[in-house]
Each structure stands twice: as structure tokens, then as C-alpha cells.
Amino acid sequence: MEVVDRLRPRWSPATSPVTYTSGEVAALDRYRQKVEAVGPRAESYDLFLCHAWDDRKATATKLHNLLEAEDVSVWFSEKDILLGLPFMREIDKGLAKTRIGLVLITPAFLKRVESGGVSEKELSELLARDQLIPVAHGVTYDEIRAVSPLLGSRNGLSTDEDSLEDIAKKIAELVAL
């Protein structure tokens, strides 16, 4: 059994119950630098939650709720796009009002990206701004690279290593200013 050193990064409070691998600290530090560079903004959200339509009622909602329970403000299409509003324009506004993106990568997400759906458009914008944290759920980074080499080249978090609850806590610490 491999022994993994667990660390506390500079942004993690001393009282935090979560620890990070050295790989997670290295991967997440660049996102933390982006959060710090943007800083707090009026009328903004900490995160834009990019997800597949198929995941909206289960995994994406669970992650959204866990993040909000950690006092992270999350732009989430399921709550932030009201009936009757133009869907793509509201997504565009949401992207403009967020400091960083969180991409929930599932098998359904990879299918949506391959077919060129809304998830693919959101992903393209977040990749262009270099402001996204990948969270793999039910997929490997090799599977991600096969569909999106740019996304798969990003280090991020995985539910193979941490629960969604711990991932939400890590992300909350990462975006807290």
C-alpha cells in the first residue's frame, strides 16, 4: 500500500479538517492565485458550476448544495436561470460574474462535450480564461484526455480519492478570501 503525505496548503485554515496530497496542492495553487488576482467583486459568484444536463438532478445538485453549505456562492443553471429567460444569454452572464469555474466531469459530461452541447461551450470559455478546476467523478483522467486533451491535461480533484463532501471543503478553502 502506497503511503501518501497529507499536507495543509497556505490557503487552508489551521482548523480545517481536510488535508491535501502534494499533487493536489501543486495543482490547486495555480487556481488559488487566480482567485486572489481577481479578488472579491460586487455582484459576483465564487464559482460557475459547469456540468452535464444529465447530472443536474443528482451529482451536480449535490455538489452545488455541499458548496453552498460551505458558504461558497455558486452560479448554478438550475437555480440561476429563471423560466422564460434566454438560456444561453443567462449562461453568458453567469460566466461573466464568476471568479473561477468548476467543471464536474462525469461520463455524461464527456458525452455532451463530444456532441458539442452547452457544456462544451461553457468548457471552451473556461478553458480560454484558464479559470477552471476539474472534478472527475466516475471517470479517469485518461478518459477525459481522450475526449478533451486540454481539459485532461489539467490537474484537479477526483472522487476516486476524496468524497464530494471533502472536495466541497477543499474548494471552499480555495476560493475563500
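**Close-up views of a predicted model**

This model is predicted. The chain averages a pLDDT of 87, and 94% of its residues score at least 70.

**View 1. Helix H2 crosses helix H9.** H9 spans residues 164–175. The two axes come within 9 Å and cross at roughly 50 degrees. That angle makes H2 oblique to H9. The crossing of this pair is right-handed. On the H2 side, the contact uses Thr59, Lys62, Leu63, Leu66 and Leu67. These meet Leu164, Glu165, Ala168 and Ile171 of H9. By class, the residues of this contact are six nonpolar, one polar and two charged.

**View 2. Helix H4 packs against helix H6.** H4 covers residues 87–96, and H6 covers residues 118–129. Their axes lie 12 Å apart, at an angle of about 25 degrees. Angles under 35 degrees count as roughly parallel, so H4 is roughly parallel to H6. H4 passes H6 in a right-handed crossing. H4 brings Phe87, Met88, Ile91 and Leu95 to the contact. H6 brings Val118, Lys121, Glu122, Glu125, Leu126 and Arg129. Six residues of the contact between H4 and H6 are nonpolar, none is polar and four are charged.

**View 3. Asp71 has a positive phi.** Most residues other than glycine have a negative phi. In Asp71, a residue other than glycine, phi is near 65 degrees. Asp71 sits in the loop between H2 and strand S4, residues 74–75. Is Asp71 buried or exposed? Its relative accessibility is 70%, so Asp71 counts as exposed.

**View 4. Asp130 also has a positive phi.** Its phi is about 55 degrees, although Asp130 is not a glycine. Where does Asp130 lie? Asp130 is in the loop between H6 and strand S6, residues 132–136. The relative accessible area of Asp130 is 23%. Buried means under 20% and exposed over 50%, so Asp130 is partly exposed.

Technical notes
Residues numbered from 1 in each chain as written. Predicted model: local features only at pLDDT ≥ 70, side-chain atom pairs only at ≥ 80, totals over all residues. Heavy atoms only, no water. pLDDT = per-residue confidence, 0-100. Axes fitted to C-alpha atoms, helices over the stretch in contact; angles between N-to-C directions. Helix = DSSP H or I, 4+ residues; strand = E, 2+ residues; numbered from the N terminus. Parallel < 35°, antiparallel > 145°, perpendicular 65-115°, else oblique. Left-handed = near helix turned anticlockwise from the far one by under 90°. Contact = heavy atoms within 4.5 Å. Nonpolar A, V, L, I, M, F, W, Y, C, P; charged D, E, K, R; others polar. Buried < 20%, exposed > 50% of the residue type's maximum accessible area, 1.4 Å probe, protein only.
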